[in-house]
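Reader: I would like to know how the terms used for a structure follow from its values. Please take me through a few of them.

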Amino acid sequence: MMKRVQNLLGHYLIHGFRVRPEPNGDLDSEAMVAVFGSKGLRIVKIGWGQGRFRELWRSGLWNMSDWIWDARWLEGNMALALGHNSVVLYDPVVGCMLQDVPCTDRCTLSSACLIGDTWKELTIVAGAVSNQLLVWYPAAALIDNKPVAPDRRVSGHVGVIFSMSYLESKGLLATASEDRSVRIWKVGDLRVPGGRVQNIGHCFGHSARVWQVKLLENYLISAGEDCVCLVWSHEGEILQAFRGHQGRGIRAIAAHERQAWVITGGDDSGIRLWHLLGRGYPGSGVSTLCFKSRSRPGALKAVTLAGSWRVLAVTDTGALYLYDLEVKCWEQLLEDKCFQSYCLLEAAPGPEGFGLCAMANGEGHVKVVPINTPTAAVDLTLFHGKVHSLSWALRGYEELLLLASGPGGVVACLEISAAPSGKAIFVKERCRYLLPPSKQRWHTCSAFLPPGDFLVCGDRRGSVLLFPSRPDLLKDLGVGGKVGAGTGALGTGSGSGGSENTLAEWGPVSTLPSLHGKQGVTSVTCHGGYVYTTGRDGAYYQLLVRGGQLQPVLRQKSCRGMNWVAGLRMVADGSMVILGFHANEFVVWSPRSHEKLHIINCGGGHRSWAFSDTEAAMAFAYLKDGDVMLYQALGGCTRPHVILRESLHGREITCVKRVGTVTLGPEFGVPSFMQPDHLEPGSEGPGLIDIVITCSEDTTVCILALPTATGSAHALTAVCNHISSVRAVAVWGTGTPGGPQDPRPGLTAHVVSAGGRAEMHCFTIMVSPDPSTPSHLACHVMHLSSHRLDEYWDRQRNRHRMIKVDPETRYMSLAVCELDRPGLGPLVAAACSDGAVRLFLLQDSGQRLQILAETFHHKRCVLKVHSFTHEATNQRRCLFLATRRLFLCSAATDGSLAFWDLTTVLDHGSPALEPPADPGLPYRLKILSPSLMVSASIDQRLTFWRLGHGEPTFMNSTVYHVADVADMDCWPVSPEFGHRCALGGQGLEVYNWYD
């Protein structure tokens, strides 16, 4: 997708576009576009072809006397609806006003809509702050040249009207209001005065203010502050709901009914394309499979899915039933009285025709059933007690294992193979594993770790365990240490011809105890060299296996309210979807698009349920009211929508920090979207991509790629570990993946992020080339350590003698102090809202984060900390000795600056200097060099200053559009390219500056 970035309205924000209609309707190669916003208007003629846009001509920037609410082309001129209920006819080429007609009601407007193609029939529908619609005709002023009185006043909304849309073919007008409703009015032809207005629809579906509304021939589309775009029928029925944007709402919508798409733009800076699918999604919905019948006695105990088209269910009579969605009837496969009172049921993973399931009871019996030939079922007696859980592990089409947990934490591993004829199966007990001691001692899930040497299991106490898939591989793999052995229970196979054997019970070679808390691990998935686990703690982990040991890489939170994460699936585009329960609903959630793809009101996850996803369909089966309920959606988990522009943050950006630059050569095909005559200096060379980290009030840390040759920003990944807003970030240890001697492009760095609830996290990032992504880069994150003040206080032995730390303390700023002492890691200084300056010590490459010292010198909130070094040369006995000292500067809201000699603090534990100072008015300053400084001030001006002897000298200044700037970072790119400045606040803006 080709794109260009141009500044059209200067310091004005763009509020809308209007394309000039051509008489012959030909808009295939070029168009005249009016761009307006605030008080500015500019006309641009653009052309397109051969995969790129071209700007052919632009007018001057015309400044109006009032806010522009709407614009409309009238025979080559522009009609503008202004903010105090007046209409202006403007010649956009010459830049002169032709007509200026006010209304007698000179009230402030909140919205306006212009209707008509000529000045004589022009009609304005104005939304006044009195919650009324005013309909009047500007051409009526030609008679006596006086203000025009409204022709009609329409009341009904109890809030300000933010948007309106008129459908001429049906004579309908739709309005969106602050009262969270959308109203549909029957108005007829508004170009004819004196018509009747009738309210024919009152639509409630949004949970917050409605910003935008648009009428189509068969649909009504609305979007609001609740970040939801709703598709309605003209009768007021909700047909579709598009959720995925974050933050403060959806501000813009566009639709094309014939092409059946809707485009939304949100406050999170994301742009998404959604497909109109009419009344419901094809092939989706909940249906009852009608199990209850006199011919099928007993009550249902468990249900599972064999693929997306076959349902298996077992009753309290020990009968196993199959329901085929193509045949649409129930069939009894077998009946075994041993499985009456207690029965577990699990179907083997794999393609539709794999056809295996397993049953287990409370007496240690396990039955493996081929679905197509149930008479060939194999019975095993594994334990002298209850079978607590069953799980399958599949390695391609080569190996299939069934794991069964029995008493005492013993897990029997059964190997399943098929006879050459395909009509029988062989079940052989391969080995036994022993789980670590716990109160609820059984496994919950399992998966092969590629290439198949290990099994990754999760257990009921929340631990993740690594077992060898074959005990005889331990010596071959070089896993050191005695794993553990014992005498297992006797296993007999009544259908496999097995005999009683004594098997060793092998313990895990690696354990991550209680990783998911006390509620247990729900799923294990291996993909792309990583292990992903989910649990009922509302989080999912990314793990790595190195040298036969499990290592946590990253912990991520699911969507808000999903405390039971049931599973994780990888989809075709390389992203993942999260399965879980939100109250009494089963939800399929996409972390990439932040959208709930499927919502099923199933009653919660404590009943028997099963999920299956294939390329053809997604299915979810559960028991409710004594019957089997099935939800099915064709096309799998994903929904047919396109992300045109990735969202950045849903709330205000609080911190911006540059990490470094990655240089990609021509072999990576870095695109340059600018025209040859518009290339910026230095952009014709190698592909320079700046890596920038942003933090936000939405609790996320985002890693961005900013190519120097384009105006684009690519979100590489997001870290969602924080439980509250992220206020500060610090970076140190920047390097390359292979070290200084490695010529391959890439970037590595250590990052510390901190924010609300006195929480701090340390992690590493590695950025490497990846031609398959839009940015040509991939980012991998590894979490190292974390720290919270309330947890630190709880661990203190004499805490009853200490003042308890306020759990609502916020870290406002961070500074990394790299020490030159061997064996001592860097220090992290934190400015805290409780008036403290705290020092943290990072050891073992960031894997240990502990508090070193703290001081309450400041009496108010500390806003900023900054570290620097000072070298002084002393002459003693004709010898020049250089001393290097590390200083820390802190600034607080009590109007004082404090300087701390950290070298003395480390040696003696006391501060050295504490003089007060005035923080100054420009609230964002950065010294780029001994002769250059940049400042961002309250009046939204970015200014560069020349430093020298005396006062700073003004060089140049520009106006930025980011409101409430919270942080700024500026860095040199190259001598030809100059400097880049990134400002974060109510958005993110990047400037290039040339000396």
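Reader: What makes Trp564, Phe581, Phe586, Trp609, Phe611, Phe620 and Tyr622 a cluster?

Author: Ring pairs link these residues. Two rings pair if their centres lie within 6.5 Å. The model, which is predicted, holds 20 aromatic pairs in the whole structure.

Reader: Why is Arg536 said to lie over the face of Trp564?

Author: The distance from Arg536 to the ring centre of Trp564 is 3.9 Å. The limit is 6 Å for CZ of Arg, together with an angle within 35 degrees of the ring normal. The distance of 3.9 Å is within 6 Å, so Arg536 meets the distance limit.

Reader: How do you know that the charged end of Arg296 sits over the ring of Phe291?

Author: The charged end of Arg296 is 5.4 Å from the centre of that ring.

Reader: Which residues touch the most other members of the largest nonpolar core?

Author: They are Ile691, Ile703, Met760, Ile765, Leu777, Tyr811 and Leu814, in a core of 62 residues. Leu814 touches, among others, Val752, Met760, Val828 and Val865, leaving aside residues up to four places away in sequence. Another core, of 23 residues, lies apart from the largest one and includes Leu344, Val387, Trp392 and Leu400.

Reader: How do you know how confident the predictor is?

Author: The mean pLDDT of the chain is 84, and 87% of its residues reach 70 or more. Over residues 670-686 the pLDDT is below 50, and this stretch has 34 contacts in the model beyond near neighbours in sequence. Residues 909-922 also stay under 50.

Note on methods:
Residues numbered from 1 in each chain as written. Predicted model: local features only at pLDDT ≥ 70, side-chain atom pairs only at ≥ 80, totals over all residues. Heavy atoms only, no water. Phe/Tyr/Trp six-rings, centres within 6.5 Å; stacked < 30°, edge-to-face > 60°. Core = buried A, V, L, I, M, F, W, Y, C linked by side-chain atoms within 4.5 Å. Buried < 20%, exposed > 50% of the residue type's maximum accessible area, 1.4 Å probe, protein only. Contact = heavy atoms within 4.5 Å. pLDDT = per-residue confidence, 0-100.
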